[in-house]
Number of protein chains: 2
Amino acid sequence: MRTLEVNSSQWTYNVYIGPDLRFEVSKYLPNSYDKILIVTDRHVEQLGYLNEVISDLQKHAKQVYSFTVPAGEESKKLDVFEQLQTDAIKKGLDRKSLIVALGGGVVGDLTGFVAATFMRGIDYIQVPTTILAHDSSVGGKVAINHSLGKNLIGAFHAPKGVIYDLSTIKSLPLVEKRSGFAEVIKHGLIADKNMLNQLMEHVQTLETINQKILEDALYNGIKIKAHIVEQDEKEKGIRSHLNFGHTLGHAIEAEAGYGSITHGEAVAIGMLFALQVSESHLSLSFSNNRFKNWLKQLAYPLHMVKDLQIESLIERMKVDKKNQSGQIRMVLLKDVGMPELYTINENRLLSELKTFINEVIE
Amino acid sequence: MRTLEVNSSQWTYNVYIGPDLRFEVSKYLPNSYDKILIVTDRHVEQLGYLNEVISDLQKHAKQVYSFTVPAGEESKKLDVFEQLQTDAIKKGLDRKSLIVALGGGVVGDLTGFVAATFMRGIDYIQVPTTILAHDSSVGGKVAINHSLGKNLIGAFHAPKGVIYDLSTIKSLPLVEKRSGFAEVIKHGLIADKNMLNQLMEHVQTLETINQKILEDALYNGIKIKAHIVEQDEKEKGIRSHLNFGHTLGHAIEAEAGYGSITHGEAVAIGMLFALQVSESHLSLSFSNNRFKNWLKQLAYPLHMVKDLQIESLIERMKVDKKNQSGQIRMVLLKDVGMPELYTINENRLLSELKTFINEVIE
C-alpha cells in the first residue's frame with residue numbers, strides 16, 4: 001500500500017492506495033464516528049462492495065446505514081441530492097457523523113456535495129472504485145449538474161481521507177476503464193511527459209492493461225493532482241490546468257445528453273481538440289496524429305462528435321466555470337507538461353471546431 | 001455611518017451601518033464587477049428599494065440584473081434555490097460576478113447559499129432591510145430549509161460586505177419589527193446585561209421605537225455577533241450560543257408551518273422556554289415573570305404554542321444541528337451574559353415543555 005498526504009486549507013488528509021482496502025476502510029478513518037452513511041450506486045452494490053464495506057465499518061460504528069442511487073451521471077442532480085439530504089435527516093445524522101462515498105466520480109461528487117451542505121458541512125471520505133475517480137476523489141471539488149451545464153452547483157469541501165482499493169478496478173466494464181483512462185492520459189499530458197510516453201508505448205488496449213503500469217500511472221496521476229490542488233485549491237490559477245480537455249468535453253457530454261457518452265470519452269475528444277488549438281495558437285509541437293490514432297486504437301468514440309451541432313457546442317462552451325466576462329477560456333499546451341489558460345475568441349473557436357469536426361475527425 | 005470589521009477565515013469584510021446607504025451601495029463594494037445579480041423579494045421590490053439599488057449599481061457595473069422571489073420563509077427552499085441557479089447561468093454570471101442579497105433574513109440566507117454553491121462559490125454582499133437581518137447578514141451562515149427542519153441544507157460562506165441601510169427599517173410592518181427585535185433581545189441576553197436592561201426599560205411598544213435606542217442596539221448586536229463568529233466561525237463551540245432560544249424556536253416554526261409565525265416570534269417563545277430550563281437546570285436567577293410580561297406587552301404571540309403538539313415539538317427538536325449522538329442540546333444561561341451549551345435528557349425536556357405550555361404560558 002502506498003500513502004500520499006494532501007494539504008487542503010481545511011485539513012490535511014491521506015490518500016491510501018492499494019489492493020483490497022475495501023475490507024479495512026475502518027482502519028483508515030481519521031476520527032471515530034457513531035453514525036456512518038455509505039452512499040453508493042446500484043452497480044457497486046451489485047458487485048458486493050457495499051456489503052463488504054458495511055461489514056468492516058460495523059466494527060467501527062454503532063450505526064452504519066447505506067443509500068443506493070442509480071448508477072450513472074443522471075444521479076448527479078438536484079432531486080437525488082434532495083433524496084440524500086432527506087435520508088440523512090431521517091437517519092438522524094448530525095455534525096459528528098461520517099458520510100462515505102463508495103463508487104466512481106458520480107457517487108463521489110454527489111456525496112461530497114451532500115456532505116458539504118448537510119447541516120452546513122460534515123465529514124466524508126472517498127472510497128473510489130473506478131479509474132476515473134483517481135482524479136475526482138482527490139482535491140475536494142464536489143458538485144452536481146445543472147441541465148444547462150456540468151458541475152455548475154457545488155462546493156470545495158475536502159474529504160477526510162481517500163481509500164483507494166485498486167482491486168475494485170478489475171471489475172470495471174471496458175467503457176468505464178476507457179472513461180477513467182482519459183484522465184490518466186490527461187495527467188501525463190499536463191504534467192509528465194515520461195508518464196505519457198510510457199502509456200503510449202505500453203498500453204495498446206484497455207481490455208487488459210498491465211497492472212503494474214496502471215497502478216504506477218494512477219499513483220502518479222494522484223500525485224500530480226494533489227500537487228496542483230495544494231497550490232491552488234480554489235481554482236484561482238493553475239488548478240484550472242486540470243481542466244485540460246474539459247471545455248469541449250463538458251459541452252459534448254451536455255449536448256449528447258448525460259449518460260450517452262462517458263465523461264472520460266468526452267474529455268478524450270476534448271483533449272484532442274485542445275491539442276489542435278494548442279498547435280495553431282501556441283505552436284505546440286506534438287504528434288497529434290499519432291495521439292489521435294492511439295485514442296482510436298483504445299476505441300475512444302471520436303466520430304460521435306460529428307453527430308452534434310457545432311453552434312450548440314459553442315453555446316455550451318460559453319457556460320463554463322473557467323470563463324470570465326463572457327470570454328471562452330481553454331487550457332492549452334505550450335508543450336507536454338506545460339499547460340496554460342488561454343482566452344479564445346468565439347469566431348476563432350468556431351472555425352477551429354469546424355476544422356476539428358470536418359477534417360481532423362475522420 | 002458606523003463601520004465594523006469582521007475577520008472570517010475566508011477574508012475580512014466590513015459592515016457599514018447608517019441611514020440611506022441603499023443609494024450608495026456601489027461605494028462600499030470591495031472589488032469591481034462586470035455583472036451583478038440582485039436578489040430581492042416582492043415586498044422589498046414594491047417598496048422601491050430594488051430600483052434604487054439598481055440605479056446606484058448601474059454606475060458601477062455594465063450589467064445589473066435582478067431576480068425577485070416571493071416574500072416569506074417559503075422562498076427558502078430547494079426549488080427557489082434552483083430557479084436562482086438557472087437564472088444566474090442564463091444571465092451568464094461567472095466566478096468574477098457579484099450577487100447582492102437585498103432584503104431580510106430569508107433573502108440573505110437563500111441568496112448566500114446560491115452564491116456559496118454557484119460554480120462552487122462566488123462573491124456576494126448582504127444589503128439587509130430588516131431588523132432581523134442585523135443578525136443573519138453577519139457571519140456567513142447561509143442555508144435553505146428542508147421540510148423536516150430549518151436551515152438543514154447550507155454552508156459557511158462569508159459575504160464580501162454588509163451594507164445596512166437603517167432607513168429601510170422604518171418601512172417594516174409591525175410583525176417584522178417584532179420578529180427582528182427578538183434577535184436584538186437575544187444578543188442582550190447572551191452577552192450584554194446593560195443592553196438588555198436598557199431595552200426592557202425603554203422599549204414598551206414596537207410600534208414606535210426610539211430611533212437612537214434601536215440603532216445603538218443594532219450596532220451592539222452586530223458587534224456581539226461579529227465577536228462570537230470571529231472566535232468560532234464554524235460553530236464548533238461558542239457560536240452555538242447564538243442559538244439561544246432557537247431549539248424550541250425552530251421546532252415551533254417547522255411545526256406551525258413556515259410562514260404562520262415569524263422566526264423571531266418563535267425564537268422569543270424559545271428564549272422564554274430556555275430561561276425556564278436555565279432556572280431549573282442551572283439555577284439561573286432572573287425574573288422570568290417580568291421578562292414574560294415584557295414579551296406579552298410587545299405582543300409576542302406566546303399563547304400560540306398551546307395549539308401545537310408537545311410530542312411533535314420534541315421530535316422536531318431532535319432534528320437540530322447542535323445535537324450529537326441523538327442527544328438534544330440547548331443553549332442555557334447561567335446568568336445574563338453567560339450562555340452554556342447543555343445536553344438535556346429527552347424525558348426531562350418533555351416534562352419541562354409540558355410545564356412551560358400548561359403552566360407558564362397563560
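How many residue pairs are in polar contact between domain 1 of chain A and domain 2 of chain A? The count is 11, and the views below, drawn from a predicted model, show the setting of these pairs.

**View 1. Chain A is assigned two domains, domain 1 (2–171) and domain 2 (174–360).** Their C-alpha centres lie 26 Å apart. To the contact, domain 1 of chain A brings 32 residues and domain 2 of chain A brings 34 residues. Together the two domains bury about 3100 Å², with 63% of that area on carbon and sulfur atoms. Look here for A:Ile131, A:His134 and A:Lys150: these residues supply 20% of the area that domain 1 of chain A buries against domain 2 of chain A, more than any other three residues.

**View 2. Five salt bridges are found across the interface of domain 1 of chain A and domain 2 of chain A.** A salt bridge also joins the side chains of A:Glu235 and A:Lys141, at 2.3 Å from N to O. On the side of domain 1 of chain A that touches domain 2 of chain A, the elements giving two or more residues are β1 (2–7), β2 (12–18), α5 (133–136), β7 (141–146) and β8 (149–156) of chain A. The residues on this side comprise 13 nonpolar, 11 polar and eight charged.

View 3. The same surface serves both copies, as 100% of the contact residues of chain A recur in chain B.

**View 4. Where chain A meets chain B, 36 residues of chain A are in contact with 36 residues of chain B.** The two chains bury about 3300 Å² between them, and 61% of this lies on carbon and sulfur atoms.

**View 5. Two salt bridges are counted between chain A and chain B.** In one salt bridge, A:Arg95 pairs with B:Glu235, and their closest N and O atoms are 3.7 Å apart. Eight residue pairs are in polar contact across the interface of chain A and chain B. At least two residues of the side of chain A that touches chain B come from each of α3 (78–90), α4 (105–117), β7 and β8 of chain A. With seven residues, α3(A) gives the largest share of that side. By residue type, the side of chain A that touches chain B has 15 nonpolar, 10 polar and 11 charged residues.

Notes. Residues numbered from 1 in each chain as written. Chains lettered and ligands numbered in written order. Predicted model: local features only at pLDDT ≥ 70, side-chain atom pairs only at ≥ 80, totals over all residues. Heavy atoms only, no water. Contact = heavy atoms within 4.5 Å. Domains from an automatic or database assignment. Buried area = accessible area lost by both parts, 1.4 Å probe. Salt bridge = Lys/Arg side-chain N within 4 Å of Asp/Glu carboxyl O. Polar contact = N/O pair within 3.5 Å; in protein donor to acceptor, adjacent residues only side chain to side chain. Helix = DSSP H or I, 4+ residues; strand = E, 2+ residues; numbered from the N terminus. Nonpolar A, V, L, I, M, F, W, Y, C, P; charged D, E, K, R; others polar.
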